[in-house]
Amino acid sequence: MDMTRIRPDEEVKKGFAARFHNWLYGAEDPVCGHVEMMPQKEFIEEENSILERQKEKEELRKHIYDTEHNREIRVFRVFYKVMSVIFCISLIGVLLVTVSNLPSVGTAERPVNNEVSARYIEKGIQETGAVNIVTGMILDYRAFDTFGESNVLFIATCTVLILLRLDGDSKQKEDAEANDRIYEPKNDIILQKIARILVPLIIIFGIYIILNGHLSPGGGFSGGAIIGAGLILYLNAFGFAKTERFFTEKTYKWICFCSLSFYCIAKSYSFFTGANHLESGIPLGTPGAILSSGLILPLNICVGLVVACTMYAFYALFRKGGF
Amino acid sequence: MRFFTYLCLGFLVLCAVSVTFSKNLLNSILIFMSYSLVMSIIWLLLESPDLAITEAAVGAGVTSVLFFVTLKKIHAIKREGDDGHDQNKTG
């Protein structure tokens, strides 16, 4: 009998389920009417308390850095001075001893006078196919060093990325962009007109230096640096909105990844065949032609791409903390 | 030619010393830039044009630009308009 009783409406309204339903759908605000709401008062500190606070701070500082009465600090300062002098003198001594033990100039058993440099000059063109001996040396005989250099650049960019990149927080990014607008000249007409003429020339010159690295002075690193400088000029003149159309973080990642892995694979192949006395099957071509000297041209392009992207990325990260 | 080489070397030493004694950070960057340019000329005189190109692009170009951006970020370079009264702060 009791279970089938229909509860009156008012009782239902006061029940937990109905109140929960109301609270969930916002039919009635539980705070409204019970709590008085008003704007917060502005916090104004009294002058006395400010003075007191500053006085306390100063006293604390005086107590901590009290050099006249604090013996530990005095001892530490003397110790610090003495140790720094000792350290400097010992460093100078170590360096001087090292220099005095270097092989003297002009003797026959100096490491400079070995057969390697003579061989580079005599057989460089024959073995590498590059007219520019310097490029033949750094990208063929010592390609492993150059690979390490490119990796160092990539790692340096990663480190700068870790240090200077702004996180996904959109507020911080907006602040950075606003700040960027304040400090950089936007729509500067002189800069834009000059950049419109100069940037293509600079970039074409950089490409020329990269592609002719095995024929004339230059190579991947210098050409890449020139292209990077051209990109920085373009960015300064026209802003991030224009550069982001063709160069973003994703582009940077993929270009670096592809270049470095191509370098690694190509050079691993050539080292492997060379160490095992196999025919590498890479034609050297006639020295002096643009398509010659085997792997040097593609390796130059790889190094140039990595360096150009790195220069641009450095600038973008320093300026805005992202790109 | 020999005289020109000595002139370049002397200018190099002058630049290197005056960078450390310059009170204004902006000036020291400009001196550093000219140091790199002279250095690239000296590389040319030493018959290594590869290094000269790299020195001119990296030393005089990219590094100085990075210095400028850094100084701007830490507010060490004055903005246009408020020149004069806080000249000493930039040193």
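This note walks through a two-chain model, point by point.

1. **Ground rules.** The model is predicted: local features need pLDDT of at least 70, side-chain atom pairs count only at pLDDT 80 or more, and totals for chains, interfaces and linings use all residues. Residues are numbered from 1 along each chain as its sequence is written, while chains are lettered from A and ligands numbered from 1 in the order in which they are written.

2. **Chain A, overall.** Chain A has 13 helices and zero strands. Helices (H or I, at least four residues) and strands (E, at least two) are DSSP runs, numbered from the N terminus. Along the sequence, the pattern is α-α-α-α-α-α-α-α-α-α-α-α-α. Of its 323 residues, 23% are buried. A residue is buried if 20 or more other C-beta atoms lie within 10 Å of its own, exposed if 12 or fewer, and partly exposed in between; C-beta atoms are placed from the backbone.

3. **Chain B, overall.** Chain B has three helices and zero strands. From the N terminus on, they run α-α-α. Chain B has 91 residues, and 21% of them count as buried.

4. **Contacts along the sequence.** Two residues are in contact if their C-beta atoms, placed from the backbone, lie within 7 Å. Take the contacts in chain A with a separation of 6 or more: residues 24 or more positions apart account for 71% of them. In chain B, the share is 44% for residues at least 24 apart, among contacts between residues at least 6 apart.

5. **A pair of helices in chain A.** How do H5(A) and H6(A) pack? Helix H5 (residues 115-128) and helix H6 (residues 133-141) of chain A meet at an angle of about 70°, and their axes are 10 Å apart. Axes are lines fitted to C-alpha atoms, for helices over the stretch in contact, and angles run from 0 to 180 degrees between N-to-C directions. H5(A) is therefore roughly perpendicular to H6(A). Angles under 35 degrees count as roughly parallel, over 145 as roughly antiparallel, 65 to 115 as roughly perpendicular and the rest as oblique.

6. **Who touches whom there.** H5(A) brings Tyr120(A), Ile121(A), Gly124(A) and Thr128(A) to the contact, and H6(A) brings Ile133(A), Gly136(A), Met137(A), Asp140(A) and Tyr141(A). By class, that is five nonpolar, three polar and one charged. Ala, Val, Leu, Ile, Met, Phe, Trp, Tyr, Cys and Pro count as nonpolar, Asp, Glu, Lys and Arg as charged, and the others, Gly among them, as polar.

7. **The largest core.** The largest nonpolar core has 53 residues, of which Ala225(A), Met311(A), Tyr312(A) and Tyr315(A) touch the most other members. Such a core is a set of buried Ala, Val, Leu, Ile, Met, Phe, Trp, Tyr and Cys residues joined through C-beta atoms within 7 Å. The elements that each supply at least two residues include helix H10 (220-238) and helix H13 (296-320) of chain A, and helix H3 (49-73) of chain B. H13(A) gives the most, with 18 residues.

8. **Ala225(A) up close.** Leave out residues up to four places away in sequence. Ala225(A) then touches Val307(A), Met311(A), Thr54(B), Ala57(B), Val58(B) and Val62(B).

9. **Where the chains meet.** Here 18 residues of chain A contact 13 residues of chain B. H10(A) gives the most to the chain A side, with seven residues. That side has 13 nonpolar, four polar and one charged residues.

10. H13(A) and H3(B) pack at an angle of about 10°, with their axes 9 Å apart. They are therefore roughly parallel to each other. Met311(A), Phe314(A), Tyr315(A), Phe318(A) and Arg319(A) make the contact from H13(A); Val62(B), Val65(B), Leu66(B), Val69(B) and Thr70(B) make it from H3(B). These divide into eight nonpolar, one polar and one charged.

11. **Two residues to check.** Glu47(B) is not a glycine, yet has a positive phi of about 60°. Glu47(B) sits in the loop between helix H2 (25-45) and H3 of chain B. Is Glu47(B) buried or exposed? Glu47(B) is exposed, because 9 other C-beta atoms lie within 10 Å. Asp175(A), in helix H8 (residues 170-183) of chain A, is 145 residues from Lys320(A) in sequence and 9.9 Å from Lys320(A) in space, C-alpha to C-alpha.
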